[in-house]
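Subject: Structure handover

Hi,

Here is the structure I promised to pass on to you. Please open it alongside this email and have a look before reading on.

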6 protein chains.
Amino acid sequence: MSATDAATTRQDRFAHGLEILTQVDGEGGQKVVDSLADISPELGHQVVAWAFGEIYDRPALPPRDRQLVTLGMLTALGGCEPQLEVHINAALNVGLTPEEIVEALLHAAVYCGMPKALNATFVAKKVFAERDLLPVRNQ
Amino acid sequence: MSATDAATTRQDRFAHGLEILTQVDGEGGQKVVDSLADISPELGHQVVAWAFGEIYDRPALPPRDRQLVTLGMLTALGGCEPQLEVHINAALNVGLTPEEIVEALLHAAVYCGMPKALNATFVAKKVFAERDLLPVRNQ
Amino acid sequence: MSATDAATTRQDRFAHGLEILTQVDGEGGQKVVDSLADISPELGHQVVAWAFGEIYDRPALPPRDRQLVTLGMLTALGGCEPQLEVHINAALNVGLTPEEIVEALLHAAVYCGMPKALNATFVAKKVFAERDLLPVRNQ
Amino acid sequence: MSATDAATTRQDRFAHGLEILTQVDGEGGQKVVDSLADISPELGHQVVAWAFGEIYDRPALPPRDRQLVTLGMLTALGGCEPQLEVHINAALNVGLTPEEIVEALLHAAVYCGMPKALNATFVAKKVFAERDLLPVRNQ
Amino acid sequence: MSATDAATTRQDRFAHGLEILTQVDGEGGQKVVDSLADISPELGHQVVAWAFGEIYDRPALPPRDRQLVTLGMLTALGGCEPQLEVHINAALNVGLTPEEIVEALLHAAVYCGMPKALNATFVAKKVFAERDLLPVRNQ
Amino acid sequence: MSATDAATTRQDRFAHGLEILTQVDGEGGQKVVDSLADISPELGHQVVAWAFGEIYDRPALPPRDRQLVTLGMLTALGGCEPQLEVHINAALNVGLTPEEIVEALLHAAVYCGMPKALNATFVAKKVFAERDLLPVRNQ
């Protein structure tokens, strides 16, 4: 856990984050990090070592809950379709069902309005199609 | 009108909304609803039955005025190019001229800044090209 | 459930939504509706009858999950401190612990940046102080 | 009109903009400009000479229409309550009725979500109270 | 300088802005203006005559500093990838190095969150690839 | 520098970040961290150890440049007035003049629109008043 006081190197922290990243995002997260290698390896390092190694790693909120919060944030921010694609995959990986994901995005219509709910839902459609999860019947 | 107290079924409300949607958005709205059928039919239902059947239907603001407000919102939100495309078509359908639409998006530069005004204007260019409405001369 | 086809009146739908609203938001939601009475009773009606009666009511996502999504969205949107106050109370009402709420807002730092995470966390501090829930020790 | 090619000085353009600003915003706009005098007189100049003198001045969209677009944008942006206060006053000044303003903000719920629609509606409540226009009955 | 009181025509102001635009954005800015010719020539005029001729022209902040502020804003706004592309080119034109640009976008992760920092960084990757500036090693 | 591979403890990283924070933000940053102690000490830790200790610490962009980017981001995000207050103070601390800060916020009008430029400028007015730096004459 991130709160322990063992001395770690930068490489230790990266390695630890990579474990969490792989559990949550599968290959989607790794692809993002790889694509940063020639432009901003430090951003790749921070996504892994900090976002996953320090924040995702904390036990106070289980992975399924973190993805619910994340889906809400990415839908609300707008313009984050690439990240939504990664995290809708992540949501499935950590145990959210297609029905629950679609319902979370419907719920977003109340707080973010119809356009952002629609944009996020169409990303889910793309992800679910790739994983052969269509049709979803959310009634 | 939405304020009446007649008992209606969910299907009644959908059918009523579909009438309004068709008047305002033409086939653009219907396409959005169709594309939701296998991923979130409930979101499609709410766009039709609630957004159009309950809100658009209200007589306190005529359709042309609603589209002016809508163009302002979609431009300001950012990342809503697909919805802008539907609603620039809708704006033409309810009587706004190309010159007025372009002027509304120019006006947006004051409040939203140049990038969002430009993004919205290029969506208008696409829609107007498809409807053979170019060039617009807004001087 | 919202998908049934019983005929309902506008008043029926309001009454149904009010039940859900009261369960989730307690008096916070009712106060918002009351404060709309002289300016936009229709907005008050739609918050109750639509947002709560139609969306919150759906069983596909339990109340605790909906508040996780909602906390994520309100944090990401920015400028929604009054709504965060209502919904941090709601989050407590539906079973999220102070530690989980604080962790969700820490998680937001990854996706929304430090300023929005801080703004939301200070709203939580205000709500927790009122409910005598400080200090929270999130390690 | 801004498209004419008469040579003008910076002062000419300010004086021209001030006329338009006064027509639209009344004293609200002037107060904003005055409050910029000791911190950013150039920003005050540009609000007057550019936003009002060059953009608002254009005849392609009448003042009432411009305020509908503006209300939509300010509601969608979020965090612009001071500007909403000025422009809800402006909206009344150029002929929008309280009912129409409230309806535009209800319409915003569809595109921006409930929190931003609520925030804007409560600004309208403040302005209407100051101008003795409450209650508004939007059914 | 914009504060002088020489009388100028609209064409004078456009010509002056075009000089600044060309210095800062090179052909990227001109392409944007050209693409507006048949849809909103007035928006093109205002980008040139106002944004560049009046604001960029001011000596109180040198071009390199303006691009640092601009990169920050475009990253934070979200959905402004086309403008980021123009302004990452502009940043290189006015003397920011690839390493500095990448570092500014890494810095954005703190304030805007990882998704927006990633989106902006991938635009930089595209621009740098076109200008044969990859790999960047930002450690 | 963050890229070295010395093993460090969590406390080491906090102590290192606190040095940078104090150089940049002075007491403003410390106050934010203190106010988190009873609600989210981990968020306080991450602001210090990560944002300052890992990101601000990097030599690839000097402190004055980082504040230019930061002012741009906070203005664009909207609703971040408390953070703008801290960072306008920080901007002065690291060598930006009042004239340069005001000019950066004027520049923001081009990209973020007038409302966000105005909101940020009024925060600067508050900070400058407290530090006895008014009037600023930005012509």
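Below are my notes on the interfaces, the core and the salt bridges.

First, some housekeeping. This is a predicted model, in which local features need pLDDT of at least 70 and side-chain atom pairs count only at pLDDT 80 or more, while totals for chains, interfaces and linings use all residues. Residues are numbered from 1 along each chain as its sequence is written, chains are lettered from A and ligands numbered from 1 in the order in which they are written, and side-chain values use heavy atoms, with hydrogens and water left out.

**Chains F and E**

In this interface, 35 residues of chain F are in contact (heavy atoms within 4.5 Å) with 35 residues of chain E. The two chains bury about 3,200 Å² between them, with 71% of that on carbon and sulfur atoms; buried area here is the accessible area (1.4 Å probe) that two parts lose on being put together, summed over both. Met73(F), His107(F) and Tyr111(F) supply 21% of the area that chain F buries against chain E, more than any other three residues.

The rule finds six salt bridges across this interface, a salt bridge being a side-chain nitrogen of Lys or Arg within 4 Å of a carboxyl oxygen of Asp or Glu. One of them pairs the side chains of Asp65(F) and Arg64(E), at 2.6 Å from N to O. There are also 14 residue pairs in polar contact between chain F and chain E, both residues at pLDDT 80 or more. A polar contact is a pair of N or O atoms within 3.5 Å; within protein, one must be able to donate a hydrogen and the other to accept it, and residues adjacent in sequence count only if both atoms are side-chain atoms.

On the side of chain F that touches chain E, the elements giving two or more residues are helix 3 (41-56), helix 4 (63-77), helix 6 (98-112) and helix 7 (114-130) of chain F. Helix 4 of chain F gives the most, with 11 residues. Helices are DSSP runs (H or I, at least four residues), numbered from the N terminus. By residue type, that side of chain F divides into 22 nonpolar, six polar and seven charged. Ala, Val, Leu, Ile, Met, Phe, Trp, Tyr, Cys and Pro count as nonpolar, Asp, Glu, Lys and Arg as charged, and the others, Gly among them, as polar.

**Chains E and D**

Here the contact takes 17 residues from chain E and 17 residues from chain D. Chain E and chain D bury about 1,500 Å² between them, 43% of it on carbon and sulfur atoms.

Four salt bridges are found across the interface of chain E and chain D, including Arg13(E) with Glu54(D) at 3.9 Å, N to O. Helix 1 (10-25) and helix 3 (41-56) of chain E are the elements that give two or more residues to the side of chain E that touches chain D, and helix 3 of chain E gives the most, with five residues. That side of chain E divides into five nonpolar, six polar and six charged residues.

**The core**

The largest nonpolar core has 291 residues, and Phe128(A), Phe128(B), Phe128(C), Phe128(D), Phe128(E) and Phe128(F) touch the most other members. A nonpolar core is a set of buried Ala, Val, Leu, Ile, Met, Phe, Trp, Tyr and Cys residues joined through side-chain atoms within 4.5 Å; buried means under 20% relative accessible area, exposed over 50%, and partly exposed in between (1.4 Å probe, protein chains only). Leaving out residues up to four places away in sequence, the residues that Phe128(C) touches include Ile88(C), Leu92(C) and Ile39(F).

**More salt bridges**

Over all chains, the whole structure has 72 salt bridges. Glu42(B) and Arg10(B) form one, with the closest N and O atoms 2.7 Å apart. This pair links distant parts of the chain, Glu42(B) in helix 3 and Arg10(B) in helix 1 of chain B, 32 residues apart, and both residues are buried.

Asp38(D) forms a salt bridge with Lys125(F), the closest N and O atoms being 3.3 Å apart. Asp38(D) sits in the loop between helix 2 (27-35) and helix 3 (41-56) of chain D and Lys125(F) in helix 7 of chain F, so the pair joins two chains.

Best wishes
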